[in-house]
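Colleague: Please bring up the model, and then let us go through its pockets, its core and its backbone.

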Amino acid sequence: MALVTVTFLGPAASFSHQAAVESFGTSVELQARPSFADAFAAVQQQEVDYAIVPSENSSNGSVVQTLDLLADPAGSYPDVRVCGEHYLSVHHCLLGRNGQVDLNSINKLYTHPQAWGQCDKFLAKHFKGVERQDVSSTSKAGEIVAGETTERSAAIASRFAAEHHGLDIIEENIEDNANNTTRFLVLRNMNSERTTRLPFEKVKITPSPSTTTRKTLISFMVYQNAPGALADALLIFKKHGMNLTSINTRPSQRIAWQYIFLVECQMAPAYDDKEAVTKVLAELKDVTENSRDLGTWNSMGSSSDQ
């Protein structure tokens, strides 16, 4: 049987790459994609078996690019479903070329713009007045420093990036918030025979626990002129034992100020989530527009699709 293929948001040694390795191991074929849309398209067209994309960060909130693609107002990804999740602890390191260990010798820093703010205390203590260069990703920062021969520069990136680019770790865990975590969603094509026969939990490293809660993602639009339309929709989830864990909205791209609601809910192990999802979707059709099931999976990084 051919290797399982997994695409992630590139470049190589990015946090998405790290999440893919932690989720699927090294016995699969990993492919980088330059954009969120490219990752979704690869799954829709069955060019890969799975994609892994960031969905939210504990410090910065939801990743709107992923939400927009899940909302899919143009109907470009009708067969893409969420089948799993992975939580990645985001730790930043100060990286330099081999033998460069003196903080005082560094005269230039590279990293992604978001990383500056996440490491503000460390930078204020050690690098006041030192030149900072924004780059497209933390991995790109590591790549630049690894390729320089004359500059006394350093990168802020992950340990994973240090190993990939052959850099030394000068200082580790320099982020302000030690609990900084990003949740990634694993995607598959619902019509894929391969991922039906070999679901996510069969190829990931972490074994599935015997008892776990389940999450479901459902999208819909409400009728704008109906008083209490959103309340009517949300009460359906309560009726069938589903606890709402998050609600996000994205523009419908059809009518100004009309939104697609993305509702994530969780059900205890004692409930039959297949039956509950079927009933919720059936009742949502009476009070909403374009309700869609976007997948059900085991929570906390142990998953299987419906």
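**Pockets, core and backbone**

Modeller: The largest pocket holds about 700 Å³ of space. A pocket here is an open set of points on a 1 Å grid over the protein atoms alone, where a 1.4 Å probe fits, with protein on both sides within 12 Å along at least five of seven lines; lining residues have an atom within 4 Å of a point. Grid points are joined across faces, edges and corners, and a volume is the space filled by probe spheres set on the points. This is a predicted model, in which local features need pLDDT of at least 70 and side-chain atom pairs count only at pLDDT 80 or more, while totals for chains, interfaces and linings use all residues. Residues are numbered from 1 along each chain as its sequence is written, and side-chain values use heavy atoms, with hydrogens and water left out.

Colleague: Which element gives the largest share of the lining of the largest pocket?

Modeller: Helices (H or I, at least four residues) and strands (E, at least two) are DSSP runs, numbered from the N terminus. Elements that give two or more residues to this lining include H1, S3, H6 and S11. The largest share, three residues, comes from H4.

Colleague: What is the volume of the second largest pocket?

Modeller: Residues closest to its centre include Asp72 and Arg292. S12 supplies three residues, the largest share of its lining. The volume is about 170 Å³.

Colleague: Is aspartate 72 buried or exposed?

Modeller: Aspartate 72 lies in the loop between H3 and S5, and has a positive phi of about 50° although it is not a glycine. Buried means under 20% relative accessible area, exposed over 50%, and partly exposed in between (1.4 Å probe, protein chains only). Because its relative accessibility is 9%, aspartate 72 counts as buried.
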